[in-house]
Amino acid sequence: MKYEQNIPFYIHKFKDFPWKVYESEHYIFHVGEKSLAESDIDVIKTRQESAYAKIIEKLELAPPGKKIIYYFYSSQKEKAKLMGDGWYGQTICNEFTVHAVYNEKDKVVGEHEDTHLLSLQMGLSIGLFEEGLAEFMVGKSMFGNNHNDVIRSGLKKGLSVDIKNLMSQQGWLDTPDEEAEFYYSVAGSFVAYIYGNLGLDILKKIYSVMDRGSTREENIKILESVIGQNISELEASWRTSIN
Ligand SMILES: [Zn+2]
């Protein structure tokens, strides 16, 4: 299975880097010699193995039969130089790999990126559900805040959200990067709401039938047929749950 990810920046210079390699039951970790990631490697192993167990159990997923491969960079700059982009964490689906920043300030560990890889057995959903599922598994925002708190304060300062606009891949990509915490929290909260109110089976069904190649109208139609109600009703009851 090949996944169509939009990652034109991706380069493989990291392959030439003199990594030190550590393994645990479900992971292979690449760290720089004498880096913070290397000195924290036992903590990282424990953290990721517990994330792995939580994701597989809560989402009732099949173990993938191969290890998740991590590359830890000591700065955003080093990451940009070696893999082409300086964003904190990225999953490369076809290589079953995570590229992540790990230093005193930013430690990209935990459930988020691993959820992207372990959920591939359900397909590659649209951003709203892909990021939403990962945020739901983490249980808090990228800066450690409660998702619904982030949404409430975002709405207060004038941000707005219409779930229908996020029902295509382009709609998700059009959300502004500088408000990532808000939109990721919306996605996480929305997925948590579906899980809590419609159940895991419906959530997984929605996840797998949303299509990156489809328009917002097509995805809405499919979602409505899965949940048996209008998307506006679902959105309204989700909004009520936030307040
Ligand atoms: Zn993500």
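**Close-up views of a predicted model**

View 1. Trp19 belongs to the segment before β1 (20–24) and Tyr71 to strand β3 (residues 68–73), so the pair ties together parts 52 residues apart in sequence. Ring pairs also link Trp19 and Tyr71 into a cluster with Tyr10, Phe14, Phe17 and Tyr73.

**View 2. Tyr27 and Phe29, a stacked pair.** Here the centres are 5.3 Å apart, with 10° between the planes. Tyr27 is buried, with a relative accessible area of 0%, and Phe29 is buried, also at 0%.

**View 3. Lysines over aromatic rings.** Look for the charged end of Lys66 over the ring of Phe96, 4.7 Å from its centre. Lys107, in turn, lies over the face of Tyr102, 5.7 Å from the ring centre.

**View 4. The largest pocket, between two domains.** This pocket holds about 1400 Å³ of space. Of its 43 lining residues, Trp87, Gly89, His112, Glu113 and Tyr184 are the closest to the centre. Domain 1 (13–122) and domain 2 (145–242) both contribute to the lining, so the pocket lies between them. Helix α5 gives the most to the lining, with five residues. By type, the lining has 16 nonpolar, 14 polar and 13 charged residues.

How values were computed: Residues are numbered from 1 along each chain as its sequence is written. This is a predicted model: local features need pLDDT of at least 70, side-chain atom pairs count only at pLDDT 80 or more; totals for chains, interfaces and linings use all residues. Side-chain values use heavy atoms; hydrogens and water are left out. On a 1 Å grid over the protein atoms alone, a cavity is a set of points where a 1.4 Å probe fits but cannot get out, and a pocket is an open set with protein on both sides within 12 Å along at least five of seven lines; lining residues have an atom within 4 Å of a point. Grid points are joined across faces, edges and corners, and a volume is the space filled by probe spheres set on the points. Helices (H or I, at least four residues) and strands (E, at least two) are DSSP runs, numbered from the N terminus. Ala, Val, Leu, Ile, Met, Phe, Trp, Tyr, Cys and Pro count as nonpolar, Asp, Glu, Lys and Arg as charged, and the others, Gly among them, as polar. Domain bounds come from an automatic or database domain assignment. Rings of Phe, Tyr and Trp (its six-membered ring) pair if their centres lie within 6.5 Å; planes under 30 degrees apart count as stacked, over 60 as edge-to-face and the rest as tilted. Buried means under 20% relative accessible area, exposed over 50%, partly exposed in between (1.4 Å probe, protein chains only). A charge sits over a ring if NZ of Lys or CZ of Arg is within 6 Å of the ring centre and within 35 degrees of the ring normal.
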